[in-house]
Amino acid sequence: MELNRYIDHTLLKPAATRADIAKLCAEAKEYRFASVCVNSAHIAEVAAALAGTDVAPCCVVGFPLGAMETEAKAFEAARAAALGAREIDMVMDIGAAKEGDFARVEADIAAVVSAIQGRAKLKVILECCLLTDEEKTAACLAAKRAGADFVKTSTGFSTGGATEHDVALMRAAVGDDMGVKASGGIRTRKDALRMIAAGASRIGASAGIAIVTAKD
């Protein structure tokens with residue numbers, strides 16, 4: 001297993017500087033991580049830094065709450081794709097999911113899919129810590145119907161992160177047709193391997209180097 005190729009090397013702290021982002025990209029190139037995941041303000045510099053490599057520039061959209069107009073998410077995603085994002089992690093409309101309005105959840109995601117028009121893969125962040133299992137399953141199915149490429153457990157900014165239970169539930173919901181990204185609180189190699197065993201095909205972590213260089 002090439003564990004490095006599962007990892008989105010991530011820095012989403014609001015105080016991240018250009019120097020921090022440059023360091024993140026240099027690390028990702030050295031360890032050949034799957035992507036570098038940043039806030040959308042940094043996506044152009046990340047795309048430039050990763051040009052000619054197999055590390056994908058990735059950014060978050062509608063982050064971290066998902067509670068903004070669909071048009072705003074779609075615009076942010078389209079702009080990010082134009083600036084070189086090859087992967088986009090959007091936060092879904094969590095309030096709509098809590099209301100049971102999965103048509104609205106699906107429409108929100110579909111608008112972003114349309115805005116990026118195949119220029120980037122789309123991962124949909126469910127924020128599982130705020131949802132029941134039934135809501136998680138319904139959200140996964142809405143993301144699948146809308147044409148997303150992945151579902152993702154967490155932003156890492158709410159009340160909880162990835163769990164093996166949630167990853168397994170999400171994998172069961174989407175089957176083998178979509179990716180499942182585990183993120184939030186994954187800090188060790190053992191954490192990452194447990195998530196992969198549960199069904200994750202991608203790991204979001206700021207501790208990517210520690211994960212891939214661990215001896216245990």
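**Strands, a glutamate and the cysteines in a predicted model**

The protein exposes about 9200 Å², and carbon and sulfur atoms supply 53% of it; areas come from the Shrake-Rupley method with a 1.4 Å probe, and for residues only the protein chains shown count as cover. This is a predicted model: local features need pLDDT of at least 70, side-chain atom pairs count only at pLDDT 80 or more, and totals for chains, interfaces and linings use all residues. Residues are numbered from 1 along each chain as its sequence is written, and side-chain values use heavy atoms, with hydrogens and water left out.

Me: How many helices and strands does the secondary structure come to?
Reply: Helices (H or I, at least four residues) and strands (E, at least two) are DSSP runs, numbered from the N terminus. On that basis, the protein comes to 9 helices and 8 strands.

Me: What is the radius of gyration of the protein?
Reply: The radius is taken over C-alpha atoms, and the globule rule is 2.2 Å times the number of residues to the power 0.38. For 216 residues the rule gives 17 Å. The protein comes close to that, so it is as compact as a globular protein of that length, with a radius of gyration of 16 Å.

Me: What share of the 216 residues counts as buried?
Reply: Buried means under 20% relative accessible area, exposed over 50%, and partly exposed in between (1.4 Å probe, protein chains only). Of the 216 residues, the buried share is 51%.

Me: Why is strand β7 largely enclosed by the rest of the structure?
Reply: Strand β7 covers residues 179-183. Gly179, Lys181 and Ser183 point one way, Val180 and Ala182 the other, and all are buried. β7 is largely enclosed because the buried residues number 5 of the 5.

Me: Which residue of β7 is the bridge partner of Val151?
Reply: Two strands pair if DSSP finds at least two bridges between them. Strand β6 (residues 150-152) and β7 pair in the parallel sense over 3 bridges. From β6 the chain crosses through helix α7 (residues 164-174) to β7, in a right-handed β-α-β crossover; right-handed means that, with the strands pointing away from the viewer, the path from the first strand over the helix to the second runs clockwise. The partner of Val151 is Val180.

Me: In β8, which residue is the bridge partner of Ser183?
Reply: β7 and strand β8 (residues 202-205) are parallel, with 3 bridges. Together with helix α8 (residues 189-198), they make a right-handed β-α-β unit. Ser183 has as its partner Gly204.

Me: Which residue in β5 stands opposite Asp89?
Reply: Strand β5 (residues 121-125) is mostly covered, with 4 of its 5 residues buried. Strand β4 (residues 87-91) pairs with β5 in the parallel sense over 5 bridges. Opposite Asp89 stands Lys123.

Me: With which residues is Glu106 in contact, leaving aside its neighbours within four places in sequence?
Reply: Glu106 is in helix α5 (residues 102-116). At 23% relative accessibility, Glu106 counts as partly exposed. Contact means heavy atoms within 4.5 Å. Glu106 touches Ala142, Arg145 and Ala146.

Me: How many disulfides does the count come to?
Reply: A disulfide is a pair of cysteine sulfur atoms within 2.5 Å. Cys25 is in none, as the nearest cysteine sulfur, that of Cys37, is 11 Å away. The sulfur of Cys129 is 7.7 Å from the closest cysteine sulfur, in Cys128, too far for a bond. The count comes to 0.
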